Amino acid sequence: MTTFNSLGLSKPVLKAVLELGFEEATPIQEQTIPLAMDGRDVIGQAQTGTGKTAAFGIPMIEKINQDMKKVQGLVIAPTRELAMQVGTELHKYGKYKGVKILPVYGGTDMGRQIRELKAGPQVVVATPGRLLDHIRRGTIQLSNIHTTVLDEADEMLNMGFIDDIKDILKAIPMQRQTLLFSATMPKAIHDIAQNMMKKPETVKLKAKQLTVDKIDQYFVEVKDSEKFDTLTRLLDVHTPELAIVFGRTKKRVDEITDGLGARGFRAEGIHGDLSQGKRMSVLKKFKRGGVEVLVATDVAARGLDISGVTHVYNFDIPQDPESYVHRIGRTGRAGKEGYAVSFVTPRETGHLGIIEKTTQKKMTRLQMPTLDEALQGQQQIAKDKLVKAVEDENLDSYRGTADELLEQYDPATVVSAALKMLTKKRRNVPVELTSIAPISVKGPRGGKGGGRNGGRNFDRKKGNYGPKKYGDKSYRGGGDRNRSGKGGSGGSRNRKFQGNKRPSNSNNR
Ligand SMILES: Nc1ncnc2c1ncn2[C@@H]1O[C@H](COP(=O)(O)OP(=O)(O)OP(=O)(O)O)[C@@H](O)[C@H]1O
Ligand SMILES: [Mg+2]
């Protein structure tokens with residue numbers, strides 16, 4: 001056990017960290033903080049929700065000279081919401097030291113951002129598109145940067161971002177320290193990463209599985225047309241505190257959100273076509289519990305740390321095993337329990353096998369709950385509410401009326417009526433979503449294969465990390481990559497990694 005006291009932190013940073021309630025350093029923090037404070041380049045890989053932000057954030061804050069009003073530390077993250085979250089975290093570590101942090105991402109007022117950059121932040125947490133925009137306009141000075149972090153490094157070095165990252169790194173002094181972090185690091189990406197760093201130390205925690213042990217992982221085999229009913233029944237049975245439902249496309253997310261609303265769930269969607277203001281307000285509402293189900297594209301798959309997310313549903317199975325790892329990692333964070341259910345259509349069971357092979361973890365088969373089970377689930381919530389009222393509330397002023405009722409009716413009848421009134425009625429509206437094609441897996445077929453039914457077998461050898469975001473416009477909807485000045489289509493960037501080509505699902509987030 002390593003306490004933060006023994007990691008050699010300065011007083012103001014230690015005070016801030018202890019105030020956050022961090023008693024012991026997590027394994028990734030224990031191993032990478034000393035290396036990073038020593039000035040080494042580090043590639044850090046550890047499971048989702050294990051404190052990688054502090055693993056790079058604490059040493060970065062330690063190295064900032066607070067008397068110099070210049071950008072000295074830079075964190076690059078793939079989505080705006082993550083940039084914002086990491087900025088908030090770093091602010092917490094640096095608040096007693098007085099480090100000024102500025103999140104810089106697209107979809108927000110440029111003029112204001114330029115003024116904020118002029119005011120001399122010491123750490124910038126940015127998405128690549130908007131950062132490049134500032135670099136090209138000359139509105140950000142990078143010459144004093146000594147520490148650069150790529151959070152979600154494998155994603156940042158993947159098709160959609162790699163060229164931007166290369167351009168950004170070219171603008172930063174060579175003698176910088178570079179830190180790369182992610183829960184996943186396919187070998188091909190690890191290889192490129194090394195070329196951008198100086199003798200990096202790779203810290204990879206020896207977990208047997210890529211996914212967190214405390215997340216129970218299930219799958220339901222279901223036809224596409226039955227997915228929606230399955231989802232609402234599962235939500236009724238599981239009664240999550242907060243749930244995230246991942247859909248493959250923006251349209252899909254909109255349809256699921258509308259459908260859930262029609263059935264009486266408090267649901268909101270988040271994806272790249274929404275305005276930044278809307279994205280932020282949806283997320284805020286979800287964090288406060290004002291929304292119980294967040295329906296999202298992969299824009300919410302990485303890095304987001306929202307406490308209270310007990311369940312993740314992959315309404316559509318993700319294309320890449322890495323995406324699976326990150327999506328389900330939105331639950332089961334910081335040692336908490338989590339529950340993940342992935343929907344697979346009969347033609348996608350082979351794909352499930354590929355995911356399991358990468359994560360080294362079998363998912364358990366779950367049956368679609370019956371209507372009766374769903375009703376039981378709803379009644380359970382009503383019962384919990386009633387019990388809570390019995391235990392917590394002063395009911396004296398209700399006694400008289402209760403006694404009157406009990407003279408007329410037997411207790412079980414009265415309680416049943418109360419339960420019925422408290423049970424949320426699901427409007428049984430039929431909901432039909434536009435059907436989508438199953439994930440297609442290309443590669444050698446047949447044989448023993450990773451497929452559950454020996455069907456499809458995907459040859460996932462080195463370099464087969466598919467061009468998921470190839471010529472990606474996925475972040476354009478978010479407006480973050482749309483000023484990078486590069487075409488978003490086709491081309492032959494990064495041939496090295498194309499391997500088995502999968503259809504590009506561009507502009508989907
Ligand atoms: N040493 C610690 N003790 C207790 N809680 C911690 C500690 N370090 C971090 N946490 C908490 O754990 C949660 C997860 O941390 P963080 O978001 O950094 O995880 P991560 O490893 O970056 O996950 P992901 O791969 O999903 O991005 C946060 O709420 C954070 O405050
Ligand atoms: Mg993280």
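# Helix packing and annotated spans in a predicted model

The crossing of helix α10 with helix α15 is left-handed. This is a predicted model, in which the protein chain averages a pLDDT of 87 and 87% of the residues score at least 70. The predictor assigns the complex an ipTM of 0.99 together with a pTM of 0.86.

**Confidence**

- Over residues 443–506 the pLDDT stays under 50, although the model has 135 contacts beyond four places in sequence for these residues.
- Where pLDDT is low, the coordinates that were predicted should not be read in detail.

**Spans annotated in UniProt**

- An unreviewed UniProt entry places the feature "short sequence motif: Q motif" at residues 2–30, a span that is 45% helix and 0% strand in the model, with its end C-alpha atoms lying 7 Å apart.
- For the feature "domain: Helicase ATP-binding", also from an unreviewed entry, UniProt lists residues 33–203; over these residues the chain is 42% helix and 18% strand, and the end C-alpha atoms are 11 Å apart.
- The feature "domain: Helicase C-terminal" is placed by UniProt, in an unreviewed entry, at residues 214–376, where the model has 39% helix and 21% strand and the end C-alpha atoms are 26 Å apart.

**Helices α10 and α15**

- On the α10 side the contact is made by Arg233, Asp236 and Val237, and on the α15 side by Glu373, Ala374, Gly377 and Gln378.
- Sorted by class, the residues of this contact of α10 with α15 comprise two nonpolar, two polar and three charged.

**Helices α3 and α4**

- The crossing of α3 and α4 is right-handed, and its contact is made by Thr53, Ala54, Gly57, Ile58 and Ile61 of α3 with Val86, Glu89, Leu90, Tyr93 and Gly94 of α4.
- Six of the residues in the contact of α3 with α4 are nonpolar, three are polar and one is charged.

**Helices α13 and α14**

- Pro321, Tyr324 and Val325 of α13 make the contact with Ile354, Ile355, Thr358 and Thr359 of α14.
- The contact of α13 with α14 is made up of five nonpolar and two polar residues, with no charged residue taking part.

How values were computed:
Residues numbered from 1 in each chain as written. Chains lettered and ligands numbered in written order. Predicted model: local features only at pLDDT ≥ 70, side-chain atom pairs only at ≥ 80, totals over all residues. pLDDT = per-residue confidence, 0-100. Contact = placed C-beta atoms within 7 Å. UniProt positions renumbered as here; feature names shortened; annotations may be inferred. Helix = DSSP H or I, 4+ residues; strand = E, 2+ residues; numbered from the N terminus. Left-handed = near helix turned anticlockwise from the far one by under 90°. Nonpolar A, V, L, I, M, F, W, Y, C, P; charged D, E, K, R; others polar.
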